[in-house]
Amino acid sequence: MAKAIRINRNGGPEVMEYVDVEVGEPGPGEARVRHHAIGLNFIDVYFRTGLYPQPLPAGLGKEGAGVVEAVGEGVTEVRPGDRVAYAGGPNGAYAVVRNMPASLLVRLPDAISFETAAAMMLQGLTVQYLFNRTTQLKRGDTILFHAAAGGVGLIACQWARAMGVNMIGTVGSDAKAELARAHGCTHVINYNTEDFVKRVAEVTNGEKVSVVYDSIGKDTFIGSLDCLRPRGLMVSFGNASGPVDPFGLNELASRGSLFVTRPSLFAYAATRKDIEEMSADLFGMVESGKVKIEINQRYSLADAAQAHLDLEARKTTGSSILLP
Ligand code: NDP
């Protein structure tokens with residue numbers, strides 16, 4: 001038996017229960033991982049509320065770091081004693097110990113701590129694919145990136161700076177603006193006090209941007225389209241304010257033949273090769289010091305409900321972890 005968070009129904013943070021669960025031996029292709037740290041991500045909120053459906057009862061959490069305790073039949077990727085981390089697979093990372101598909105585990109370089117790994121795998125691999133795979137950003141490109149002081153956001157600020165990309169970031173407070181700027185965001189807009197569409201036009205002398213990365217969804221989607229140059233790319237990758245309302249394709253034509261994509265990390269990190277390549281790129285960025293993972297909130301696993309409350313209330317900055 002081991003402690004874990006379970007939900008029996010969808011709803012607010014109160015539906016999360018801290019209970020004892022049976023873990024058992026790893027099955028074929030699985031490894032049992034004892035977590036040293038667990039990542040907190042906005043996607044966990046979507047699964048908790050039911051915006052992203054899953055059969056119940058269920059676990060929560062897509063990201064963790066720890067040590068392999070045992071492996072099942074046929075596992076070649078990791079061995080007992082390995083330091084590993086992952087982002088993806090079945091929900092259930094909010095747990096002291098769990099079984100995981102071994103093909104999703106990557107071995108950690110010695111220089112990367114468990115806490116850093118748990119804080120960065122999901123958010124860092126997301127920036128890796130958004131900037132290099134969804135489209136290949138080049139030095140000198142100008143992009144708009146919403147929620148620039150969040151977990152994904154602060155990694156994006158630093159990654160963009162390292163690539164020589166001009167990043168215009170939006171944030172919800174002046175303190176967050178400072179933080180984004182300090183991490184390399186070229187221009188920061190407080191979208192609670194300023195009209196971000198107008199400001200993007202001003203900052204770019206009317207040229208607007210070639211790519212918008214929008215994880216806010218409902219509240220910003222149409223404004224984000226207005227920030228794009230003709231033939232620009234709208235990357236709608238999240239729904240922090242709610243899902244995007246249905247829209248007509250003419251919205252794209254009338255703004256100059258725009259492109260839209262709705263990507264998910266798990267389609268980009270779909271094969272062992274992708275996971276290894278993307279992780280190696282992320283580890284390189286962190287080990288070189290180009291990207292520093294900011295863990296600005298730590299909670300005990302038992303306090304996962306408080307972590308969700310803070311994340312949804314926009315009180316967090318950078319990355320957050322749960323400690324078993
Ligand atoms: P963040 O740390 O960025 O937290 C979310 C932030 O969104 C808040 O801090 C807040 O920043 C902003 N926000 C704006 N409107 C709202 C609202 N109504 N309610 C809550 N927050 C709001 O979270 P993550 O780094 O974990 O994730 C960022 C986004 O990226 C999420 O939408 C997530 O789902 C998405 N994502 C998508 C992936 C994919 O592959 N598609 C993978 C990983 C993440 P502010 O106060 O500055 O506005």
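Q: Which residues of H2 and H9 meet?
A: In this predicted model, Thr116, Met120, Gly124, Leu125, Gln128 and Tyr129 are the residues that H2 brings to the contact, and on the H9 side they meet Met278, Ser279, Asp281, Leu282 and Val286. Sorted by class, that contact of H2 with H9 has six nonpolar, four polar and one charged residues.

Q: And at what angle do the axes of H2 and H9 cross?
A: The axes of H2 and H9, the latter being the helix of residues 272-287, cross at roughly 115° and come within 9 Å of each other. That makes H2 roughly perpendicular to H9, and the crossing of these two helices is right-handed.

Q: What about H2 and H3, how do their axes lie?
A: H2 covers residues 114-134 and H3 covers residues 151-163, and their axes come within 9 Å while crossing at roughly 45°. The crossing of H2 and H3 is right-handed.

Q: Which residues do the meeting there?
A: From H2 come Met120, Gln123, Gly124, Thr126, Val127 and Phe131, and these meet Gly151, Val152, Ile155, Ala156, Trp159 and Met163 of H3. By class, the contact of H2 with H3 has eight nonpolar and four polar residues, with no charged residues. Met120 and Gly124 are named among the H2 residues here, and they are also listed for H2 in the contact with H9.

Q: Switching to the ligand, how many residues surround it?
A: The ligand is surrounded by 30 residues, and the closest are Gly150, Gly151, Gly172, Ser215 and Gly238. The elements that give two or more residues to this shell are H1 (42-49), H2, H3 and H10 (304-312). Gly151, one of those closest residues, is also a residue of H3 that takes part in the contact with H2.

Q: What classes of residue make up the shell around the ligand?
A: By class, the shell has 13 nonpolar and 13 polar residues, together with four charged residues.

Q: You mentioned H1 and H10; how are they arranged?
A: The axes of H1 and H10 come within 10 Å and cross at roughly 105°, which makes H1 roughly perpendicular to H10. Phe42, Val45 and Arg48 in H1 meet His308, Leu311 and Glu312 in H10, and by class this contact has three nonpolar, one polar and two charged residues.

Q: Where is the cis peptide bond?
A: A cis peptide bond joins Leu56 and Pro57, with omega at about -5°, and Pro57 has its place in the loop between H1 and strand S4 (58-59).

Q: What is phi for Lys208, and where does that residue sit?
A: Phi of Lys208 is near 65°, a positive value in a residue other than glycine, and Lys208 is found in the loop between helix H5 (196-203) and strand S12 (209-214).

Q: Last thing, what confidence values does the predictor give?
A: The protein averages a pLDDT of 98, and 100% of the residues score at least 70. For the complex, the predictor gives an ipTM of 0.99 and a pTM of 0.99.

Methods. Residues are numbered from 1 along each chain as its sequence is written. This is a predicted model: local features need pLDDT of at least 70, side-chain atom pairs count only at pLDDT 80 or more; totals for chains, interfaces and linings use all residues. Axes are lines fitted to C-alpha atoms, for helices over the stretch in contact, and angles run from 0 to 180 degrees between N-to-C directions. Helices (H or I, at least four residues) and strands (E, at least two) are DSSP runs, numbered from the N terminus. A crossing is left-handed if the near helix is turned anticlockwise from the far one by less than a right angle, and right-handed if clockwise. Two residues are in contact if their C-beta atoms, placed from the backbone, lie within 7 Å. Ala, Val, Leu, Ile, Met, Phe, Trp, Tyr, Cys and Pro count as nonpolar, Asp, Glu, Lys and Arg as charged, and the others, Gly among them, as polar. pLDDT is the predictor's confidence in each residue, from 0 to 100. A residue is near a molecule or strand if its C-beta atom, placed from the backbone, lies within 6 Å of it. Angles under 35 degrees count as roughly parallel, over 145 as roughly antiparallel, 65 to 115 as roughly perpendicular and the rest as oblique.
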